[in-house]
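Subject: Handover of a structure

Dear colleague,

Please find the structure that I am handing over to you below. My notes on what was found in it follow.

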Amino acid sequence: MGRRVLIAEFMHETNTFSVQLTGQDAFEAHGVYLGNAIPQAFRGTRTAMGAAFEAAENFGWSLVHPLVTGANPSGRVLDAAFELFAGHILNASASAGVDGVLLHLHGAMATESSDDGEGELLARLRKRLGPDIPIVAVLDLHATLTQLMADSANALISYRTYPHIDQYERSWQGARLLERAMAGEIRPKVAVARRPILYALDGGRTTSPPFKELLRRGDTLEASGEALVVSVQAGFSSADVHDIGPSVAVTANDRGQAQAIAEELMDYAWEQRHFSSISFTPLAEAMARAKAGEGRHDKPLLISDYSDNPGSGAYGDATNLLRAVLDTGLRNVGFHAIRDPQAALAAQAAGVGNRVRLKLGGKVDPSTGGGPLDLDAHVVALTDGHFIAYGPMGGGVWRNYGLSALLRVDDVEIIVITHNGQATDLAQFTSLGVDPARKSTLIVKSMQHFRAAFEPVACEVLEVDTGALSTRNFKTRPYRKVRRPIFPLDDI
């Protein structure tokens with residue numbers, strides 16, 4: 001009989017500066033899959049769970065799969081929601097008699113009562129299973145990796161791409177490591193190192209020199225057998241927590257050796273802390289370039305709203321950029337998206353083909369990124385927000401943005417969504433009848449993940465910081481819990 005392995009996914013990246021707490025309803029909007037619903041949804045997909053099912057078939061595992069869920073980045077997870085979903089995993093681990101555990105977590109979850117949601121989950125899991133059952137967790141590249149996480153797991157494996165298009169590959173890597181650990185070939189342990197850095201490594205851009213070099217060194221160490229896994233985390237700067245910042249996690253049989261490797265790699269990260277490839281275009285200049293380029297290219301100019309990125313917990317309803325687009329009189333524009341459930345309902349009430357007067361966006365916190373816009377819009381399309389995402393980050397699974405509307409104001413087509421989410425897949429436009437490749441200008445709310453699907457259809461990419469919740473200006477954020485002194489808040 002094959003080994004019994006628990007697989008599960010429980011993901012949230014918590015922006016502790018957000019006023020929007022994250023409850024059970026936020027996870028349900030994204031999707032909560034329990035028990036027998038999981039194989040049907042994820043088997044055969046290029047996702048972390050898809051890889052786990054393939055590995056189980058390859059290694060002859062018998063699977064226990066209690067939970068797959070996640071919520072769009074937002075404020076702290078309510079304790080009740082954490083206990084509910086963590087309980088599914090913990091109860092299954094206790095009742096199933098498992099030989100190993102393979103989890104897909106984010107690594108930057110904070111709850112009402114804990115700044116380290118994943119550490120809390122892994123510590124409870126370790127207590128239930130005892131010291132000998134191997135636990136492997138696949139994490140986001142932007143994990144805030146803590147000592148509790150390292151002490152509670154046998155291996156921590158982070159993504160190596162940003163945009164994150166290797167969840168499937170990293171989960172296969174975790175599965176192979178877990179199989180070796182269960183067979184007794186290895187007894188892995190995790191060491192973690194960090195420095196007094198809040199933000200560095202180019203925010204996790206894996207093609208820029210510092211991160212690329214660390215990945216190269218990690219590959220060399222893994223190939224030589226000095227380490228089983230070398231994982232580099234950029235950390236998540238929108239969380240006011242003690243362990244904020246970049247880290248290196250090294251998995252090896254010898255923790256002392258792993259610690260020495262991790263410290264040496266973090267020394268390099270410290271040396272490179274000033275490097276940045278990000279260059280923001282002033283909003284007025286971006287509008288002027290968009291206007292000047294109308295009709296001159298066979299691909300659209302792509303403008304990303306860096307600071308209102310829902311993927312970092314921003315509200316997705318900031319209006320400064322949309323206001324500039326309308327004031328400039330840009331033509332043939334596709335805009336994704338304004339998250340505004342009230343506006344979506346107003347569009348639905350008006351009906352397709354009719355006009356609607358509404359206040360759009362800027363309702364969560366008008367002081368961050370702009371207040372509501374008074375618009376007279378034409379309702380072009382309405383959908384329930386469900387579609388399959390087949391792009392590089394889509395994996396072939398369903399997404400749900402809730403009631404969604406396509407509004408046209410002048411020659412600007414604005415997508416309005418109910419459930420927040422950044423632009424990462426072309427189907428976010430095409431599901432509402434918009435061909436993004438035919439636009440003169442495309443606007444997306446995203447820091448970096450948009451590039452996987454959208455950069456190939458664009459002639460050029462401009463990034464703007466509109467002053468929304470995820471602004472790059474760290475010194476405007478009310479950090480209270482981060483360890484001090486820390487770069488770049490302090491002179492070190």
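The protein chain has 492 residues, for which a compact globule would have a radius of gyration near 23 Å; the chain has 22 Å, which agrees. Here the radius of gyration is taken over C-alpha atoms, and the globule rule is 2.2 Å times the number of residues to the power 0.38. Please note that this is a predicted model, in which local features need pLDDT of at least 70 and side-chain atom pairs count only at pLDDT 80 or more, while totals for chains, interfaces and linings use all residues. Residues are numbered from 1 along each chain as its sequence is written, and side-chain values use heavy atoms, with hydrogens and water left out.

**Overall form**

The C-alpha trace spans about 65 × 50 × 40 Å along its principal axes. Its secondary structure comes to 14 helices and 20 strands; these are DSSP runs numbered from the N terminus, helices being H or I with at least four residues and strands E with at least two. Of the 492 residues, 62% count as buried, where buried means under 20% relative accessible area, exposed over 50% and partly exposed in between (1.4 Å probe, protein chains only).

**A β-α-β unit**

S6, H6 and S7 make a right-handed β-α-β unit. Right-handed means that, with the strands pointing away from the viewer, the path from the first strand over the helix to the second runs clockwise. Strand S6 (residues 135-139) runs parallel to S7, and four bridges join them; two strands pair if DSSP finds at least two bridges between them. Leu-156 of S7 is the bridge partner of Ala-137. Strand S7 (residues 155-158) is covered on both faces, with Ala-155 and Ile-157 buried on one side and Leu-156 and Ser-158 buried on the other.

**Pocket and cavities**

The search used a 1 Å grid over the protein atoms alone: a cavity is a set of points where a 1.4 Å probe fits but cannot get out, a pocket is an open set with protein on both sides within 12 Å along at least five of seven lines, and lining residues have an atom within 4 Å of a point. Grid points are joined across faces, edges and corners, and a volume is the space filled by probe spheres set on the points.

The second largest pocket holds about 300 Å³ of space. It is lined by 17 residues, of which Pro-131, Asp-132, Asn-154, Arg-187 and Pro-188 are the closest to its centre. Helix H6 (147-152) and helix H7 (167-182) each give two or more residues to this lining.

There are three cavities of 30 Å³ or more. The largest cavity has about 60 Å³ of space, and its lining includes Gly-107, Asp-115 and Val-241. The second largest cavity has a volume of about 50 Å³, and His-336 is one of the residues that line it.

**Backbone details**

Most residues other than glycine have a negative phi, and most peptide bonds are trans. The peptide bond from His-336 to Ala-337, however, is cis, with omega near 0 degrees; Ala-337 is found in strand S12 (residues 333-339). Asp-410, although not a glycine, has a positive phi of about 55 degrees. Asp-410 lies in the loop between strand S17 (404-409) and strand S18 (412-417), and is exposed, with a relative accessible area of 63%.

Yours sincerely
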